[in-house]
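Let's take a walk through this structure together, one region after another. Keep the viewer open and follow along as we go.

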Amino acid sequence: MTTTYAAVDELGADEPRARFHDLVAAEWIKLRSLRSTWIAYGATALAVIAFNAGTAYDTYNYWPERSAADRADFVRAGIPLQEAFTANAVMVMMLALGAIGAVAILGEYSTGTIRTTFAAVPARRSVMAAKTVVVTAVSTVFGAIVAGASFGLTQAILDGRDAGLSIGYPGALRVVAASALLAPVCALTGMAIGSVIRHTSATMVASVVAILVLPMVFTDGRHWSAVAGHATLYQAWSRLVEVGSPRTDFPWTTGGAWTVYAVWALTTAVLAVTSAQRRDQ
Amino acid sequence: MIEVNELTKRYGSTTAVKDLTFTVRPGQVTGFLGPNGAGKSTTLRMVLGLHEPTSGSVIVGGRSFRDRPRGLRHVGSLLDAHDVHGGRSAIAQLSALARSNRIPQRRVEEVLREVGLAEAARRRISGFSLGMKQRLGIASALLGDPPVLLFDEPLNGLDPEGVRWVRDLFRRLAAEGRTVFVSSHLMSEMEHTADQLIVIGRGELIAAESLAEFSARGTRQSVTVSTPASAVLRDLLAAEGATIHTAGDLLAVTGVTAVRIGEIAMEHRIPLHHLSARSSSLEEAFMELTADSVQYLAGDPQ
Ligand SMILES: Nc1ncnc2c1ncn2[C@@H]1O[C@H](COP(=O)(O)OP(=O)(O)O)[C@@H](O)[C@H]1O
Ligand SMILES: [Mg+2]
């Protein structure tokens, strides 16, 4: 008996050093082992790419009806780049990624898994940081695939009318990068809101407000409103995919728009990582 | 070893746990007993650092659990078998937990076999019965081979074979020198499992003693007497310090032995028609002890 006691005293003594990347690997196992993750990402990707390709196909279809001048203006006005990622498609993507990001954390809160998680890893900030890393990485890959595929497909379709552009065309890479990176920033936003609110329906409403409503409310009418609007993700994306001269009374630079992306990403990441620290689980 | 020190937890105006102090020692199964709403789950959540105490502290294996970067090698726990995502398979759930704590994957297969879920390992948890979820929760608790194990109402939903298996497992874990702390609201569940008991009611400590000591409380005899001179006998017994309930000719007496009642009756030439002694069960001792602190009595108008 005494020998067993001694053995148990030593349990946990030879514990290997805690490593962050094990937490990342664990969160990756959790994410990929849910069928709903793949369905959500897959369905969103198909919808977004279909939206974009559909618009390009429309252009292709009605091309013969365009006048010669109209056709010449088409490329000069940068319309092929607008069709590489349309406003409708980006709205769908933003809302879906916001929801996917929110569900990444709400799936733990609503099922109670969060208690199992924190009982296994009391370092809550590390867990949340690992989850943030995984959601960001997966959403970035998603964004890159969807934006890349959309660009390739739309330009291939337009090429049928000799109106497609290559990725080397001025501004083309920026359209792809801005659209791709919007995916992780929206996922982070949803995750941050979910981590703070912790309830599904309220989180979904708040995400829609942050992602969709705010950019609609703050219009270019007045200076303060224009500035507030510029701080929203949708308007930052619009600025980044804009080709040619800006059509606003309050012009701003693409550097400003990238900064908006960065500020959203950082703020939401900090919120997601720290929100669980002080609260009862 | 779990040391609970003047622990208090308030949720708004509800005091769930109040000034609780007790120690849970290794090498034994300690039952954590109390009626529903007594504060058992709240206490266990504080042991695991999931809820912050309003005041007081809990030390597990010399440290506050929340200060440990990784937990599974120190404390294994099953708080609520439903605290898992139904969309995952058992093996995915355990693999993620194991990986987070740098526990090798082969240990996952081991614990799945140990709890009898090897066959169901790849099935989604949403299709599991409560008993299977309990087994999965127990598998998670065992993953890190920890010296301290906590279980909140682990027998719920288990079939009789499962109950016996869990009891044997607890006894074995304790025999290996581990600290095993198991909550229940039923004395009958603890009677054949626990060596030590911590009994709480309305968040406060009622008893902390061995099962043997606890059953000694229960051996207080209740004696039933029937006599035509019940009023006379009642006064005589009351003078001896007994507690008496009267129902017609029948007296239910506690605090005086049947032998002594017989002697008194003989001294005063009182005829007895019936005299019988009955010792109360552990369950009754528990009910009696916690009667004042039961929050939700069955049939109680709420
Ligand atoms: N998160 C919470 N918020 C508010 N009240 C709670 C919370 N958790 C428990 N309580 C209250 O604390 C008391 C103790 O509950 P609990 O610890 O679950 O008891 P037990 O596990 O012994 O049945 C109950 O009155 C319960 O309603
Ligand atoms: Mg409970």
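Which residues of helix α3 (residues 105-114) of chain B are buried? In this predicted model, the buried ones are B:R107, B:V108, B:V111 and B:L112. Looking down the helix axis, you will find that these residues span an arc of only 140 degrees, which means that they sit on the same side of α3(B). Turn to the other side of α3(B), and B:R106 and B:R113 are exposed. What do the buried residues of α3(B) pack against? Their partners are α2 (90-100) and α4 (130-142), both of chain B. Just after α3(B) comes B:G116, with a positive phi of about 80 degrees.

Now zoom out to chain B as a whole. It has ten helices and 13 strands, and its C-alpha atoms fill a box of roughly 80 × 40 × 40 Å along the principal axes. Chain B has 302 residues, and 51% of them count as buried. If you take the contacts in chain B between residues at least 6 apart in sequence, 69% of them join residues at least 24 apart.

Let's begin with two that have a positive phi without being glycine. For B:E153, phi is near 45 degrees, positive in a residue other than glycine. You will find B:E153 in the loop between β6 (148-152) and α5 (160-175) of chain B. Is B:E153 buried or exposed? Its relative accessible area is 13%, so B:E153 is buried. The other one is B:R269, whose phi is positive at about 55 degrees although the residue is not a glycine. B:R269 lies in the loop between α9 (258-267) and β13 (274-279) of chain B, and it counts as exposed because its relative accessibility is 75%.

Next, have a look at B:S226 in strand β10 (residues 221-226) of chain B. B:S226 counts as buried because its relative accessibility is 12%, below the 20% cut-off. Which residues does B:S226 touch, once its neighbours within four places in sequence are left aside? They are B:D249, B:L250, B:L272, B:H273 and B:H274. By contrast, B:G241 has 53% relative accessibility and therefore counts as exposed. B:G241 is in the loop between α8 (230-239) and β11 (243-247) of chain B. From B:G241 to B:G255 there are 14 residues in sequence and 6.9 Å in space, C-alpha to C-alpha.

Let's move on to where the two chains meet. Chain B brings 43 residues to the contact, and chain A brings 39 residues. Between them the chains bury about 3,700 Å², with 56% of it on carbon and sulfur atoms. Within the area that chain B buries against chain A, 20% comes from B:L50, B:R70 and B:R102, more than from any other three residues.

Our last stop is a helix pair in chain A. The axes of α12 (residues 233-241) and α13 (residues 254-274) of chain A come within 9 Å and cross at roughly 145 degrees, and the crossing is left-handed. On α12(A), the contact is made by A:L233, A:A236, A:W237, A:R239 and A:L240. On α13(A), A:T254, A:A257, A:W258, A:V260, A:Y261 and A:W264 take part. How do the residues of this contact divide into nonpolar, polar and charged? Nine are nonpolar, one is polar and one is charged.

Methods. Residues numbered from 1 in each chain as written. Chains lettered and ligands numbered in written order. Predicted model: local features only at pLDDT ≥ 70, side-chain atom pairs only at ≥ 80, totals over all residues. Heavy atoms only, no water. Buried < 20%, exposed > 50% of the residue type's maximum accessible area, 1.4 Å probe, protein only. Helix = DSSP H or I, 4+ residues; strand = E, 2+ residues; numbered from the N terminus. Arc of directions from axis to C-beta. Contact = heavy atoms within 4.5 Å. Axes fitted to C-alpha atoms, helices over the stretch in contact; angles between N-to-C directions. Left-handed = near helix turned anticlockwise from the far one by under 90°. Nonpolar A, V, L, I, M, F, W, Y, C, P; charged D, E, K, R; others polar. Buried area = accessible area lost by both parts, 1.4 Å probe.
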